[in-house]
Amino acid sequence: MTTLIVGGGLSGLALADALHAKGRDFVLVEARARLGGRIKTDTYAGGAFDLGPAWFWPGQPRIACLIERLKLAKFDQFADGDLMYENERGHVQRGRGFSSMQGSWRLAGGLGASIDALADGLPQDRIRMGTEVTELKKTEAGIVATFRTGEFAVFDRVVLCLPPRVATNIKFLPGLPSVATRALEKTPTWMAGQAKAVAIYDTPFWRNAGLSGDAQSRFGPMVEIHDASPEHGGPYALFGFIGVPPKVRTDVQMLRQNIQVQLGRLFGPFGAKPRHLFVKDWAFDPFTATEADLAPLHAHPSYGMPRSLVGLWDDQLLFCGTEMAPQFGGYIEGALESAENALRTLDIKMGGQNSDC
C-alpha cells in the first residue's frame, strides 16, 4: 500500500520518516521548490536565520525527542540585558525587565536543520518537489491524484499535510461534505498573516551596550524584536515581527526602509545599517496563506481535528498539520503531534502498531 503525503513541511516529513521506519511505501510531494513549509531557514555569511518559526519550549516532548534522535543541538534564547520600548509616538525608553522569550530554545543551524536531517534520511526517489496537487478523485482502484503538470497517479491513502484553507484549493471528487469544507475554511492558518524581518550585523553592538535585543513597539513597523544571533560566533542578528496589516505592507522597498529607521531609533546608528536584511511576508505566500488569512489573529486559535474531517472517504483521506493538533496546535510540537496522530490512524487501518520516539 502506498500513501501519498501532500506537503513537505515538518508534519509531512515526520510522517514520511515514520512510515519509512516501518517499511511502508509513500510518496511525498511538495508544491514549493524546497522542503520545510513554514519552516524557512536562510543562511548568510555562515549564520543560519529562521524566517518562520524559531522557538520551542520545555514540556514539548516530541521536538525534544526528534532533536535527540537526529543528533542536533539546542541552545537558550539570548535574553540578558535591558529591553527597549517604543510608544505610539515613536519615543524610545530603555528599561530592565523580563524578556518575553526567556526560557525558550532555538536550534543550532536554525529549525531548517531538522528539515534537512529528516529529508536526508528518506529515499530521495520518494520525494517530489515543485509538484502541486490540483485534484483528488476517489475510485474503486484508490485515490487518483492529478498534478498541476497534468500527470496523475493512484494511491491507497492520501494525507494532506497542508494549512486547512490551502487544502480547499484542491478539487475533491466526490466533493467533501459541506460541513467538512466549512471546517477547513474556518480554521485560521497559524502565522499565515505574519511577516518577519531579520537584520544581520558584524557585531552584537546591542549586547555590548547592555541590551538584550528585545524591544516592544506601538509605533512600528515591527511590534516585537528579539536577538536572533547564533549561539556562538557571528554574524549577529535582530529579528522582528512586522505588525502593520498585510495590505499596508505591499510596498516592500518602503517597508525595508522603515524597518531600518526603526532599528536605528531603538538601537542607535549601528542598528540602522545592517549588513543584510531578510524580509519574509508569509501573507503573500500562496502555499501558506489565503485571502481569509490576511485578517490578523489577536489570540491563539483553538486548534484540533474537527469531527467533520474524521473518517473521510473510508479513512483513505486524512488531514494533518499543526492546526489539526489538539494539544500543541500552532506550534512546532503540534506539527509533530499531528503527524503522530495521522500515523496512528494509518496503523489502525493497516493493522500495525504505533511506536514511541
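Modeller: One term before we start: a strand here is a DSSP run of E with at least two residues, and strands are numbered from the N terminus. The model is predicted.

Colleague: Okay. Where is Glu 140?

Modeller: Glu 140 sits in the loop that joins strand 10 (133-139) to strand 11 (142-147).

Colleague: Buried or exposed?

Modeller: Glu 140 has a relative accessible area of 88%. The cut-off for exposed is over 50%, so Glu 140 is exposed.

Colleague: And how far apart are the C-alpha atoms of Glu 140 and Leu 70?

Modeller: They are separated by 40 Å. Along the chain, Glu 140 and Leu 70 are 70 residues apart.

Colleague: Which element holds Leu 118?

Modeller: Helix 3. Leu 118 has a relative accessible area of 1%. Buried means under 20%, so Leu 118 is buried.

Colleague: How do helix 1 and helix 3 pack?

Modeller: The angle between helix 1 (residues 10-21) and helix 3 (residues 112-120) is about 30°, and their axes are 10 Å apart. Angles under 35 degrees count as roughly parallel, so helix 1 is roughly parallel to helix 3. Their crossing is left-handed.

Colleague: New topic. How many cavities of 30 Å³ or more?

Modeller: One. The volume of the largest cavity is about 40 Å³.

Colleague: Which residues line the largest cavity?

Modeller: Phe 49, Asp 50, Ala 54, Arg 106, Lys 196, Val 198, Ala 228 and Phe 239. Strand 4 (47-50) and strand 15 (195-201) each give two or more residues to that lining.

Colleague: How does the lining of the largest cavity divide by residue type?

Modeller: Five nonpolar, three charged, no polar.

Colleague: Backbone next. What is the peptide bond from Leu 173 to Pro 174?

Modeller: It is cis, with omega near -5°. Pro 174 lies in the loop between strand 14 (171-173) and helix 5 (178-186). The bond from Gly 220 to Pro 221 is cis too, with omega near 10°. Pro 221 is in the loop between strand 16 (211-217) and strand 17 (222-227).

Colleague: And what is the phi of Ala 45?

Modeller: Positive, about 50°, although Ala 45 is not a glycine. Most residues other than glycine have a negative phi. Ala 45 is in the loop between strand 3 (41-44) and strand 4. Its relative accessibility is 46%, which counts as partly exposed.

Colleague: Where is Asp 315?

Modeller: In the loop between strand 19 (276-281) and strand 20 (317-320). Asp 315 has a positive phi of about 65°.

Notes:
Residues are numbered from 1 along each chain as its sequence is written. This is a predicted model: local features need pLDDT of at least 70, side-chain atom pairs count only at pLDDT 80 or more; totals for chains, interfaces and linings use all residues. Side-chain values use heavy atoms; hydrogens and water are left out. Helices (H or I, at least four residues) and strands (E, at least two) are DSSP runs, numbered from the N terminus. Buried means under 20% relative accessible area, exposed over 50%, partly exposed in between (1.4 Å probe, protein chains only). On a 1 Å grid over the protein atoms alone, a cavity is a set of points where a 1.4 Å probe fits but cannot get out, and a pocket is an open set with protein on both sides within 12 Å along at least five of seven lines; lining residues have an atom within 4 Å of a point. Grid points are joined across faces, edges and corners, and a volume is the space filled by probe spheres set on the points. Ala, Val, Leu, Ile, Met, Phe, Trp, Tyr, Cys and Pro count as nonpolar, Asp, Glu, Lys and Arg as charged, and the others, Gly among them, as polar. Axes are lines fitted to C-alpha atoms, for helices over the stretch in contact, and angles run from 0 to 180 degrees between N-to-C directions. Angles under 35 degrees count as roughly parallel, over 145 as roughly antiparallel, 65 to 115 as roughly perpendicular and the rest as oblique. A crossing is left-handed if the near helix is turned anticlockwise from the far one by less than a right angle, and right-handed if clockwise.
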